[in-house]
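Hi there,

Here is the structure I promised to pass on to you. Please have it open while you read, and my notes follow just below.

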Amino acid sequence: MVEIELRPEEFDLFRRYIYEKVGISLSEQKTTLVKGRLNKRLHQLNLPSFRAYYDYLVHDESGEELSLFVSAISTNVTSFFREGAQWKWLEEYLTALVASKRDKKIRIWSAGCSSGEEPYTILMFLQHHLKDFEQWDIKILATDISAKVLTKAIAGEYEAKSVESLSKEIIHRAFDKVRTESGAISYCVAPHLKEKVMFRLYNLVTDPFFFKNKFDMIFCRNVMIYFDDTTRHDLIERFSTLLPKGAPLFLGSSESLTSHRETLKLLGSSIYQRL
Ligand SMILES: C[S@@+](CC[C@H](N)C(=O)[O-])C[C@H]1O[C@@H](n2cnc3c(N)ncnc32)[C@H](O)[C@@H]1O
């Protein structure tokens with residue numbers, strides 16, 4: 001396969017477009033990454049140059065190409081019970097939350113949910129810690145900009161190695177074990193958990209915040225790593241409006257906030273509490 005060159009002026013077009021559409025800020029050092037990751041796509045589409053691919057991308061009104069582009073240049077890496085310290089903290093917080101909830105309703109947003117491990121972990125966690133789990137009205141909104149990862153999340157089927165770190169009890173209660181056509185064992189999230197998650201394609205930077213009600217907590221972990229300060233600031237501002245006083249916002253362990261001291265207080269382990 002002949003490698004198609006990415007000229008500086010072409011890279012600049014992508015850089016501006018991606019920033020405007022997704023908030024991802026591509027520095028010039030990312031030229032090699034974009035060229036390397038997108039070459040195969042240009043060949044698949046039979047396009048002769050990155051300029052031609054740019055035209056294809058901006059004219060695709062379905063948003064599918066943008067979603068593919070973002071998947072190619074960013075990471076969708078995720079896992080069950082990622083960021084262990086946060087789940088530990090949540091055990092204690094849950095006791096207080098449960099005591100304050102007469103209506104037995106819990107609403108959570110997993111923003112940038114990738115292939116579903118994060119929202120399903122939230123449910124496994126709640127199932128494990130709430131004795132009367134089935135009596136609760138629990139809904140998780142799980143959103144991502146990538147249609148590819150959402151397809152996997154909606155299927156809710158995971159290889160044995162993805163669940164190997166989970167306890168036997170959690171596996172037993174949260175998954176149905178199935179044998180795939182190739183004879184391998186895979187783990188499907190049980191229907192009674194799956195039905196509590198609403199997966200949606202959603203761009204955190206450009207799509208409107210249409211939510212009528214607030215969330216009891218928001219997870220936006222390892223998503224803002226590519227965003228510049230302005231984009232990050234605006235998004236956190238909007239998250240703040242959707243959290244009631246005392247509710248937590250979970251970020252990734254390598255992410256921290258330098259602004260919003262008057263609305264969000266750091267509790268440790270990248271957990272912020274709405275003031
Ligand atoms: C590294 S994964 C994190 C998954 C999960 N939150 C975790 O911490 O394990 C980052 C996800 O953010 C999504 N993402 C990146 N930019 C986004 C945007 N502007 N709107 C919505 N999702 C976005 C990516 O598609 C990717 O699936």
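Let me start with Val22: one of its polar backbone atoms is 3.3 Å from a nitrogen atom of the ligand. Please keep in mind that this is a predicted model.

In Glu118, an N or O atom of the side chain sits 3.0 Å from a nitrogen atom of the ligand. For Asn203, the distance from a polar side-chain atom to a ligand nitrogen is 3.2 Å.

Which residues are the closest to the ligand? They are Thr78, Arg82, Gly112, Asp144 and Asn222, out of 20 residues that surround the ligand.

Helix H1 covers residues 8–22, and its axis comes within 12 Å of the axis of H4, with a crossing of roughly 105 degrees. That angle makes H1 roughly perpendicular to H4.

Next comes H2, which spans residues 31–44, against H4, which spans residues 64–73. How do these two helices meet? Their axes come within 9 Å and cross at roughly 130 degrees, so H2 and H4 are oblique to each other. The crossing is right-handed. Leu33, Val34, Arg37, Leu38 and Arg41 of H2 make the contact with Glu65, Leu68, Phe69, Ala72 and Ile73 of H4. Here the count is 7 nonpolar, no polar and 3 charged residues.

The last pair is H3 with H4. Helix H3 runs over residues 50–59, and the two axes come within 7 Å, crossing at roughly 125 degrees. H3 and H4 are therefore oblique to each other. The contact involves Tyr53, Tyr56 and Leu57 from H3, together with Glu65, Leu66 and Phe69 from H4. Of these residues, 5 are nonpolar, 1 is charged and none is polar.

Definitions and conventions. Residues are numbered from 1 along each chain as its sequence is written. This is a predicted model: local features need pLDDT of at least 70, side-chain atom pairs count only at pLDDT 80 or more; totals for chains, interfaces and linings use all residues. Side-chain values use heavy atoms; hydrogens and water are left out. Axes are lines fitted to C-alpha atoms, for helices over the stretch in contact, and angles run from 0 to 180 degrees between N-to-C directions. Helices (H or I, at least four residues) and strands (E, at least two) are DSSP runs, numbered from the N terminus. Angles under 35 degrees count as roughly parallel, over 145 as roughly antiparallel, 65 to 115 as roughly perpendicular and the rest as oblique. A crossing is left-handed if the near helix is turned anticlockwise from the far one by less than a right angle, and right-handed if clockwise. Contact means heavy atoms within 4.5 Å. Ala, Val, Leu, Ile, Met, Phe, Trp, Tyr, Cys and Pro count as nonpolar, Asp, Glu, Lys and Arg as charged, and the others, Gly among them, as polar. A residue is near a molecule or strand if one of its heavy atoms lies within 4 Å of it. A polar contact is a pair of N or O atoms within 3.5 Å; within protein, one must be able to donate a hydrogen and the other to accept it, and residues adjacent in sequence count only if both atoms are side-chain atoms.
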